[in-house]
Amino acid sequence: MKFVQWLANIDRRILFLLIAASVIVPLLVPLGMPVKVTPQAEAIYEEVEALPSGSTVLVAFDYDPAAAPEVHPMGLAFLRHCFNKKHKVVIMALWPQGAQLAVSAMAEMTDEYDLEYGRDYVNLGYKAGGDIVIKSMGASIADVFPRDMAGRPTASLPLMKKISSLNDIDLIMALSAGDPGIPAWVRVANALFQKKVAGGCTAVSAPQFFPYLQTGQLLGLLGGLKGAAEYETLVERPDAATRRMDSQSIAHLVIIIFIIFANISYFILRRRPEASSGGAPGAPPPSP
Amino acid sequence: MDGLTLLGTWIAAILTLCILSFLYKDNPFYKFAEYLFVGISAGFWVAYQYHNLLVPNLIEPLFGSAQGKGALPLLLTEGQFDLRLLTIIAGLLGLTMLFRFIPKLAWVSRYGIAFSVGLGAGLFFVVFLQANCLAQIKGTIIPPVVITDGGVDVGSSLANSLLIIGVVSALIYFYFSKEHTGVLGGAAKLGIWFLMVSFGAAFGYTVMARISLLIGRMSFLIDDWIKGTLIALGLI
């Protein structure tokens with residue numbers, strides 16, 4: 001009973017230490033735990049595979065540094081897949097800091113691939129307005145982005161000479177940390193222009209997008225670090241997300257164990273109200 | 001890693017540790033990092049919004065930029081009306097929003113707000129209805145029993161039935177025009193179970209997200225800060 005009471009009143013700092021250890025140790029000593037690929041991640045992969053070489057893919061970097069640990073790795077994996085397939089990539093952002101994160105992602109890509117700006121990819125930068133930006137892109141991309149991120153006239157870029165509006169885009173990948181993001185792309189690009197939209201998002205926002213997935217409004221979804229690791233597995237290029245999944249799994253295990261312990265101690269102490277009469281924080285209230 | 005990047009990494013690492021120190025207990029290091037973050041964020045956003053919103057959408061169209069002449073000089077020197085002059089209306093409507101700071105004139109802000117709300121509603125009412133309502137209703141109109149060439153597809157039939165029952169019972173839970181007793185009460189209780197399962201899934205994803213952020217920070221401290229410093233010092 002003493003152990004149960006100790007468990008019920010455990011100092012939260014002990015939990016913090018255990019979670020920290022469960023995150024740090026696998027980062028230092030990788031366990032190489034397998035990553036199971038879900039159908040929603042595979043659907044995106046298959047769609048990119050099915051596109052003819054040289055197709056145009058729009059990648060929206062609609063997130064900020066706060067969401068980067070989860071969303072950035074999936075962006076890198078997706079870009080690698082596009083460039084492996086020789087697709088052309090148009091980058092833009094509905095979030096201000098997304099455009100800068102795209103620059104950092106493309107810096108990695110240009111190190112790995114022989115890419116020429118303006119021919120293989122363009123970065124149109126950030127535009128405020130969310131849904132209105134997407135809707136206007138349905139009429140003309142150059143009108144919405146008269147200049148790219150570096151200030152060059154969009155119309156002068158070779159890649160953009162072939163792309164006038166969203167109709168010329170074969171696939172949209174919305175990397176999203178909120179709204180504007182996946183919801184805006186689904187609402188406008190999919191519902192209004194019937195464009196194929198895939199999504200990558202933070203884990204916390206993933207559950208709200210499953211209805212879109214079920215109805216086919218989203219063709220696939222990468223949710224959180226796990227989604228990123230799945231895509232890295234699919235493109236056979238394990239990177240940051242795969243490395244970090246060991247920590248994720250071990251931390252989840254620790255949390256699950258403590259949830260089970262907490263519930264067991266709660267139910268035991270609830271049956272014996274006198275045992276919990278210490279008034280310590282975390283102890284269940286006595287039964288009425 | 002050059003010296004400046006290393007310095008930035010050290011500042012970021014020390015501030016990360018200051019923030020994490022809150023997990024032990026509230027302390028001056030945490031407060032310092034918190035206030036610094038709030039102040040820098042506010043300054044960053046003001047500058048960012050000015051350069052990325054006001055300059056390209058209002059100032060450059062009206063007064064011109066390095067690339068071309070603005071609409072106002074065009075009007076004043078050559079007498080030509082330019083469509084870009086319409087941005088003055090948008091600018092004025094935006095300006096009305098700032099009247100919120102003057103209590104006696106706060107009502108003026110309603111014009112800007114009314115315009116943006118009206119514009120949003122008018123432009124996206126149909127799109128919202130299509131994407132978030134009609135498509136979802138359509139997604140629920142599915143056969144509870146799926147028959148294929150080989151007979152009944154048990155898995156799909158179960159999934160479809162579960163979806164239909166879940167949607168209907170959850171909707172019944174939110175139907176307040178009749179007391180939740182009898183069949184209606186039973187269905188509402190079932191709806192609660194479905195809602196609880198969805199909240200559980202959402203909670204699971206939330207835990208995953210928070211742990212991912214922690215992993216991101218720890219990864220930064222181990223790889224960028226500690227390993228980066230050791231590499232910069234030529235120790236590894």
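A residue is taken as buried when its relative accessible area is under 20%, and A:Asp120, at 9% relative accessibility, therefore counts as buried in this predicted model. The salt-bridge partner of A:Asp120 is A:Arg119, with the closest N and O atoms 2.7 Å apart; A:Arg119 is partly exposed, its relative accessible area being 37%.

Over all chains, the search of the whole structure finds 19 salt bridges. One of these joins the side chains of A:Glu47 and A:Lys196 at 3.0 Å, N to O. Because A:Glu47 belongs to helix H3 of chain A and A:Lys196 to the loop between helix H9 (182–190) and S5 of chain A, the pair ties together parts that are 149 residues apart in sequence. A:Glu47 is buried, with a relative accessible area of 17%, whereas A:Lys196 is partly exposed at 44%. A network of salt bridges links A:Arg80, A:Glu108, A:Glu112, A:Arg237, A:Asp239 and A:Arg243; within it, A:Asp239 and A:Arg243 pair with their closest N and O atoms 3.9 Å apart, A:Asp239 being buried at 15% and A:Arg243 partly exposed at 48%.

Helix H11 of chain A (residues 224–234) is largely enclosed by the rest of the structure, because nine of its 11 residues are buried. The elements covering these buried residues include helix H3 (39–50) and helix H12 (240–271) of chain A, together with helix H7 (182–232) of chain B. Just after H11(A), A:Glu236 adopts a positive phi of about 55°.

A:Cys201 is buried, with a relative accessible area of 0%, whereas B:Cys133 is partly exposed at 32%.

Conventions:
Residues numbered from 1 in each chain as written. Chains lettered and ligands numbered in written order. Predicted model: local features only at pLDDT ≥ 70, side-chain atom pairs only at ≥ 80, totals over all residues. Heavy atoms only, no water. Buried < 20%, exposed > 50% of the residue type's maximum accessible area, 1.4 Å probe, protein only. Helix = DSSP H or I, 4+ residues; strand = E, 2+ residues; numbered from the N terminus. Contact = heavy atoms within 4.5 Å. Salt bridge = Lys/Arg side-chain N within 4 Å of Asp/Glu carboxyl O.
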